[in-house]
Amino acid sequence: MPIASQPTLNSVLTHFHTLIVPLWQGPGWNAELALPYEALDADHRPLPPQRYRAMACARQLYLFASLIGEPGAAFAEERAAALFRSLQRHFHDAEYGGWFYSVDPAGQPLDKRKDLYTHAFIIFACAHYWAKVREPLVESVLNAALEVVAERFATGDGLYEAVLERNWSSLKSGPLQNPLMHLAEGFLATLAVREDADVQAALLGLATAMQQRFIDRQHGVMMEKPLGAVDNWFEPGHQFEWFFLLESSPALRGTPLHASLTRAFTYAEQKGVDPLSGAVSGMLALDGSVRDATQRIWAQAEYLRALTLRPDSEAVLQRQLLALQQHFLHEKGWHECLDANGAVSRRDMPSTTPYHLATCYQGLTQSIYGRP
């Protein structure tokens, strides 16, 4: 990235550390339950809680774990420890194992189903947290989540069910792209912190199965549902997210899935990114026509992060960093969604979004400064 980008990156990093992170230490934190509220409004007031999700707790655990040891972040270890305890206290199912999807505003189990998306983020967060603290209890929870995924969600062909009943009986959901992507992310986070032959084999099996069942042969794009499913589509943001995971992994770089997503990146960029504004569209049909032009901050962040691993992308990367700063970040936080014309269409700030910003900024920092 050119030197001119460093001041812009420094500015967005300052915005993140001095504004966004403190939102979840103060107004976004329910001290009674020791859980983050699901979302804040534009004036930093918690939206009236309807539920608290285990996935949101895990994403916030990742956020604060990622800050442990950083200058000026002495608070991070205590908050991460509180979130880890809450994950177990509120969401762990002592009777059947695994973790509930959500609890109600009083902290009692609400949606007791077991979904892969939640368990993938528990793996991801615990792997990162364990890397920082090396506490045996954290590794035991990581191991329990990996075991549940392998024993309960696996379908035997490299893929995994998206959602199961509380007692692990089938809901016939089948596999879906997004939870499988985050499971791959969780596997990679685990392998980054320890050698694990079972996780390595599961990751490679997942990559092979995704190539066979989810990749469109013409454009290489990753579909949201298995090939042949009714009303299928693809999302540019997920092409960029997958590309980053594959390109940054020595285990996955060079696989057929990596080759597919390298092609998909180009197609998604051509059809789903405005070359002038840098806006990333939400959903596209396979022919490239736009099904949902909503611009979501997570997709902007994933495109920006993926560009750090694309050769000769300095100019585009600089454009996208400025687009993120100018269109999505503001003095009170961020805009979650813009409509097709760039107008704000969603004013709340979910507790799950800082995860995307944190991973994006880490990719940018690595790219510019050569450090994590």
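A residue is called buried when its relative accessible area is under 20%, exposed when that area is over 50%, and partly exposed in between, as found with a 1.4 Å probe and with protein chains only. This is a predicted model, in which local features need pLDDT of at least 70 and side-chain atom pairs count only at pLDDT 80 or more, while totals for chains, interfaces and linings use all residues. Residues are numbered from 1 along each chain as its sequence is written, and side-chain values use heavy atoms, with hydrogens and water left out.

The protein chain has 12 helices and 15 strands, which are DSSP runs numbered from the N terminus (H or I with at least four residues for helices, E with at least two for strands). Its radius of gyration, taken over C-alpha atoms, is 20 Å, close to the 21 Å that the globule rule gives for 372 residues, so the chain is as compact as a globular protein of that length; the rule itself is 2.2 Å times the number of residues to the power 0.38. Along the principal axes, the C-alpha atoms fill a box of roughly 55 × 45 × 35 Å. Of the 372 residues, 59% count as buried. If contact is taken as heavy atoms within 4.5 Å, then among contacts between residues at least 6 apart in sequence, 61% join residues at least 24 apart.

In soluble globular proteins, nonpolar side chains tend to be buried together. Here the term nonpolar core stands for a set of buried Ala, Val, Leu, Ile, Met, Phe, Trp, Tyr and Cys residues joined through side-chain atoms within 4.5 Å. The largest such core has 121 residues, of which Tyr129, Tyr160 and Tyr361 touch the most other members, and helix 4 (residues 116-133) gives the most to this core, with 13 residues. Leaving aside its neighbours within four places in sequence, Tyr160 is in contact with residues including Leu116, Val149, Phe153, Leu180, Phe187 and Leu206.

Helix 9 (residues 256-272) has 17 residues and reaches 23 Å from its first C-alpha to its last, close to the 24 Å expected at 1.5 Å a residue, where the expected span is 1.5 Å times one less than the number of residues. Among its buried residues are Leu257, Leu261, Ala264, Phe265 and Ala268, and the buried residues of this helix pack against helix 7 (197-213), helix 8 (236-247), strand 8 (283-284) and helix 10 (297-307). In helix 11 (residues 314-328), the buried residues include Leu317, Leu321, Leu324 and Phe328.

The structure also holds 15 salt bridges, each a side-chain nitrogen of Lys or Arg within 4 Å of a carboxyl oxygen of Asp or Glu. One of them joins the side chains of Asp93 and Arg166 at 2.8 Å, N to O. This pair links distant parts of the chain, 73 residues apart, with Asp93 in the loop between helix 3 (76-91) and strand 5 (102-103) and Arg166 in the loop between strand 7 (163-164) and helix 6 (177-193). Is Asp93 buried or exposed? Asp93 counts as buried because its relative accessibility is 1%.

Asp196 and Arg194 meet in a salt bridge at 2.7 Å, N to O, and Asp196 is buried, with a relative accessible area of 16%. In the salt bridge between Asp348 and Arg346, the closest N and O atoms are 2.7 Å apart; Asp348 counts as buried at 15% relative accessibility, whereas Arg346 counts as partly exposed at 34%.
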